[in-house]
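Me: Could we go through this structure together? I would like to begin with the packing and then turn to individual residues.

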Amino acid sequence: MTRPASRPAARSTGARPVGARAAGNRASADRLARLLNLVPYLLARPGIEIAEAAGDLGITGRQLREDLELLWVCGLPGYGPGDLIDMAFDGDRVTITYDAGIDRPLRLTPDEALALVVALRMLAETPGVTNREAVERALAKIEDAAGDLVSAPVEVRIPVDSRRVEELRAAVERGRALRITYYTAARDESTERVIDPLRMLMVGGRAYMEAWCRRAEAVRLFRVDRIDAVTELDEPAVVPPQARPHDLTEGVFRPSPGLPLITLRIGRGERWITEYYPCERVEAGDGDQWLVSLRVTDLGWARRFVLGLGPGVTVVAPAELAEQVRAQAVAALEAYATPDAVRSAAPAGSVPSR
């Protein structure tokens, strides 16, 4: 019989670790190689029993079934009916009914070749990539095969401090504890703490160190660009058994009902925040204005956030935040010794303009 009409949802693996978790990366690489070999293997053996195929491939029947589920969501761009690899089951036997062209030689268009080169260059620059040599070898082969097609002056750089990233990555691999000076944007302060590194991550274009923080006695994410100083200690990193990595499949910041809820009135020029930050409510207001509600870590961060947006934003709620914004805005005007501007300061919650 053929598979059900609905395809299984692709599993999200989240961010990949380095260092102590290198075995996981190797397992992923092994699975990728197995998947690439699986389709031609099954094409040459239509109707083969799953148990026999698993034995030939050196894996369990359960692993093979999981690989087959993953193949159902692999295929050609478009990823709709007729684009994805398809197969049919007859009891414990499987037959590939559509291979999505995997048996044809790959011929890249100029745009495809350039896109692949850019992607590989970015991957080579990404923190957490343990087998960078393999990426660079693949990149060299594609550039050599494409010739002048990829001769455009394209350079890719991830906006992070590569020296600091390599320093932290080395500490993870050596299993050493670190003393860091870290700037916390939510409280606008720098603190010194000792951490036991878990892994390096790249999330949303930013590099992070995930570690057990001895000061907080919990697992914390530290943005690399906010680590002002690092000292590698002689003692080994000791991560408590209760430490668990964060689930980052939905991003670094995950709003919860326990966090403060703020409501802002924004203009057209500030609508970008609805795409950049997770919002609970977005409503059209008068003219070009929108009402936006979102959760924040604390009101101190929200105050600096609103002030940074400029005069096109007004705090609707809570009243405490509106008063904080007004007080700091007035204090900033007073620092410029402009009495007229101070007397004409905007109502609570808005950012006065000069």
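This is a predicted model: local features need pLDDT of at least 70, side-chain atom pairs count only at pLDDT 80 or more; totals for chains, interfaces and linings use all residues.

Me: Which residues touch the most other members of the largest nonpolar core?
Reply: They are L38, L42, L64, L68, L71, M87 and V94, out of 20 residues in that core. Helix 1 (22-43), helix 2 (50-57), helix 3 (61-71), strand 2 (86-90) and strand 3 (93-98) each supply at least two residues.

Me: Which element gives the largest share?
Reply: Helix 1 does, with five residues.

Me: What is L42 in contact with, leaving aside its neighbours within four places in sequence?
Reply: L42 is in contact with I48, L68, V94 and I96.

Me: Changing topic, at what angle do the axes of helix 8 and helix 9 cross?
Reply: The axes of helix 8 (residues 299-309) and helix 9 (residues 319-335) cross at roughly 55 degrees and come within 10 Å. Helix 8 is therefore oblique to helix 9. The crossing is right-handed.

Me: Which residues meet there, helix 8 to helix 9?
Reply: From helix 8, L299, A302, R303, V306 and L307 meet E320, L321, Q324, V325, Q328 and A329 of helix 9. By class, this contact has seven nonpolar, two polar and two charged residues.

Me: And V117, buried or exposed?
Reply: V117 is buried, because its relative accessible area is 0%, under the 20% cut-off. V117 lies in helix 4 (residues 110-125).

Key. Residues are numbered from 1 along each chain as its sequence is written. Side-chain values use heavy atoms; hydrogens and water are left out. Axes are lines fitted to C-alpha atoms, for helices over the stretch in contact, and angles run from 0 to 180 degrees between N-to-C directions. Helices (H or I, at least four residues) and strands (E, at least two) are DSSP runs, numbered from the N terminus. Angles under 35 degrees count as roughly parallel, over 145 as roughly antiparallel, 65 to 115 as roughly perpendicular and the rest as oblique. A crossing is left-handed if the near helix is turned anticlockwise from the far one by less than a right angle, and right-handed if clockwise. Contact means heavy atoms within 4.5 Å. Ala, Val, Leu, Ile, Met, Phe, Trp, Tyr, Cys and Pro count as nonpolar, Asp, Glu, Lys and Arg as charged, and the others, Gly among them, as polar. A nonpolar core is a set of buried Ala, Val, Leu, Ile, Met, Phe, Trp, Tyr and Cys residues joined through side-chain atoms within 4.5 Å. Buried means under 20% relative accessible area, exposed over 50%, partly exposed in between (1.4 Å probe, protein chains only).
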